[in-house]
Amino acid sequence: MEEVINPLSKAAIKKILRTAQAFIGRSSIALEREYPRSRRRHPTSNVYLIPCKESSILWIPNIFEVCDMSLVQFNNAVDIEGCFDLCNNTLESIKPNVWVDEDTIIQYYSEASGQHNFLIGWKYSCLLR
């Protein structure tokens, strides 16, 4: 029997993107405390993963242990398309598959493995200093 895919609502997709945006600029210690379900992607990695039923959020700290980018991965094609459409309809497009809002930039790309990602970072890198 096939599993029925219930697509996420626009509000749910927006909440996932906003959560990933909220990670940026936060320390690893604070994020580990706030999201106890997070775990290192690999034992020797500094990339943390927060798995959910419908998506995963990875947050990637820099050398100062501050998250300077996060990655959203949806688990089905319907939600990937929904997020892509949401970005196209609500954010300013600066290039194909690249959008900006007030302070963040989002880039959509797919890996050779077939994994589709939405990379989220700060619009102005000077904010990291």
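Gln21 touches Ser70, Asp101, Thr104, Ile106 and Ile120, not counting residues up to four places away in sequence, where touching, or contact, means heavy atoms within 4.5 Å. The model is predicted: local features need pLDDT of at least 70, side-chain atom pairs count only at pLDDT 80 or more, and totals for chains, interfaces and linings use all residues. Residues are numbered from 1 along each chain as its sequence is written, and side-chain values use heavy atoms, with hydrogens and water left out.

Gln21 is found in helix H1; helices (H or I, at least four residues) and strands (E, at least two) are DSSP runs, numbered from the N terminus. With a relative accessible area of 11%, Gln21 is buried (buried is under 20%, exposed over 50%, partly exposed in between; 1.4 Å probe, protein chains only). Its side chain makes a polar contact with the side chain of Asp101 at 3.3 Å.

Ser70 is buried, and its relative accessible area is 0%. A polar atom of the Ser70 side chain lies 2.8 Å from the backbone oxygen of Ala20. For these polar contacts, a pair of N or O atoms must be within 3.5 Å; within protein, one must be able to donate a hydrogen and the other to accept it, and residues adjacent in sequence count only if both atoms are side-chain atoms. Leaving aside neighbours within four places in sequence, the contacts of Ser70 include Phe23, Ile24, Trp59 and Phe118.

Helix H1 (residues 10-23) also meets helix H3 (residues 77-90): their axes come within 10 Å and cross at roughly 80°. Axes are lines fitted to C-alpha atoms, for helices over the stretch in contact, with angles from 0 to 180 degrees between N-to-C directions. H1 is therefore roughly perpendicular to H3, a term covering 65 to 115 degrees. Lys10, Ile13, Lys14 and Leu17 of H1 make the contact with Asp79, Gly82, Cys83, Leu86 and Cys87 of H3.

The largest nonpolar core has 25 residues, and those with the most contacts inside it are Leu17, Val72, Phe74, Trp99 and Phe118. Such a core is a set of buried Ala, Val, Leu, Ile, Met, Phe, Trp, Tyr and Cys residues joined through side-chain atoms within 4.5 Å. Among the elements that each supply at least two residues are H1, S4 and H3. Phe74 touches, among others, Ile13, Ile16, Ile80, Cys83 and Phe118.

Technical notes:
Angles under 35 degrees count as roughly parallel, over 145 as roughly antiparallel, 65 to 115 as roughly perpendicular and the rest as oblique.
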